[in-house]
Amino acid sequence: MKEITIALPKGKLFKPSAELLSKIGWTADGLSEKSRKLVIANDELKLKFIITKTADVPTYVEYGAADIGIIGKDVIVESGKDVYELLDLGFGRCHLMMAVPKDRRRPTLDDYANTRVVTKFPRIAEEFFARRGMQMEYIKLHGSIELGPLIGLSESIVDIVETGTTLRENNLEEIVSIMDSTARLIVNRVSFKLKFDRISPMVERLKEVLSNEAD
């Protein structure tokens, strides 16, 4: 039986990802986001789990350090990594949008052309604005994106929103939705061919679980 390595993201997607995999029997003792172990193995089932930063999951999968990964669609698109997307898992639902201070909102989206936008997603943002013929200056931050317009660093932000609470608390208003995102199951393209006999049945079992939960 071929060994399978799975990359799971730290943060909000870890728990639902681990719980979903456990429903098909793919788990390991001590599999926890807080584990100090870098690799958690189930020797009997020939499974290895690595728990990593969200943005790194597509990289591990593209280069084959992990055969499989679970990650948000937004991260897949932003990373630009060459991975094969197998399944929409449905959880972790959110959307990427542009927001501005309520008291500085301009009449149309095009009125923000040639302004600065703070974001963790410069690739997605640039593609979106380029399709509209808008040139923008992009400032990538890794921390609190909402700070950008509040301290004069930018006129707007492009960020992920789930409930909109953080926007409201910082007097920001969404003006355009850019893309929707949910968690996806991704696989290394070579692994999918070489380990098809393990990966394909796993995908089918996941589909069954998701279908049953949807009913």
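**Charges and contacts in a predicted model**

Colleague: Thanks! And how many salt bridges are there in the count?
Modeller: Side chains of opposite charge can pair when their charged atoms come close. For the count, a side-chain nitrogen of Lys or Arg has to be within 4 Å of a carboxyl oxygen of Asp or Glu. By this rule the number of salt bridges is 14.

Colleague: How many residues apart in sequence are the parts that Asp 197 and Lys 2 tie together?
Modeller: The side chains of Asp 197 and Lys 2 meet in a salt bridge, at 3.7 Å from N to O. Asp 197 belongs to helix H8 (residues 196–214), while Lys 2 sits in the segment before strand E1 (4–9), so the parts they tie together are apart in sequence by 195 residues.

Colleague: Nice. Which residue forms a salt bridge with Glu 162, and where is that partner found?
Modeller: The closest N and O atoms of this salt bridge, between Glu 162 and Lys 12, are 3.1 Å apart. The pair links distant parts of the chain, 150 residues apart, with Glu 162 in the loop between E9 and helix H6 (165–169). The partner is Lys 12, in the loop between E1 and helix H1 (14–22).

Colleague: Is Glu 162 buried or exposed?
Modeller: A residue needs over 50% relative accessible area to be called exposed. Glu 162 has a relative accessible area of 53%, so the word for Glu 162 is exposed.

Colleague: One more, away from the charges: which residues make the nonpolar surface patch of about 280 Å²?
Modeller: One of them, Ile 151, is found in the loop between helix H5 (147–150) and strand E9 (156–161). Ile 151 has a relative accessible area of 59%, so this residue is exposed. The patch is made by Leu 147, Leu 150 and Ile 151.

Key:
Residues are numbered from 1 along each chain as its sequence is written. This is a predicted model: local features need pLDDT of at least 70, side-chain atom pairs count only at pLDDT 80 or more; totals for chains, interfaces and linings use all residues. Side-chain values use heavy atoms; hydrogens and water are left out. Patches are made of residues with over 30% relative accessible area and no salt bridge: like charges are joined within 9 Å, nonpolar side chains (Val, Leu, Ile, Met, Phe, Trp, Tyr) within 5 Å. Accessible areas come from the Shrake-Rupley method with a 1.4 Å probe; for residues, only the protein chains shown count as cover. Helices (H or I, at least four residues) and strands (E, at least two) are DSSP runs, numbered from the N terminus. Buried means under 20% relative accessible area, exposed over 50%, partly exposed in between (1.4 Å probe, protein chains only).
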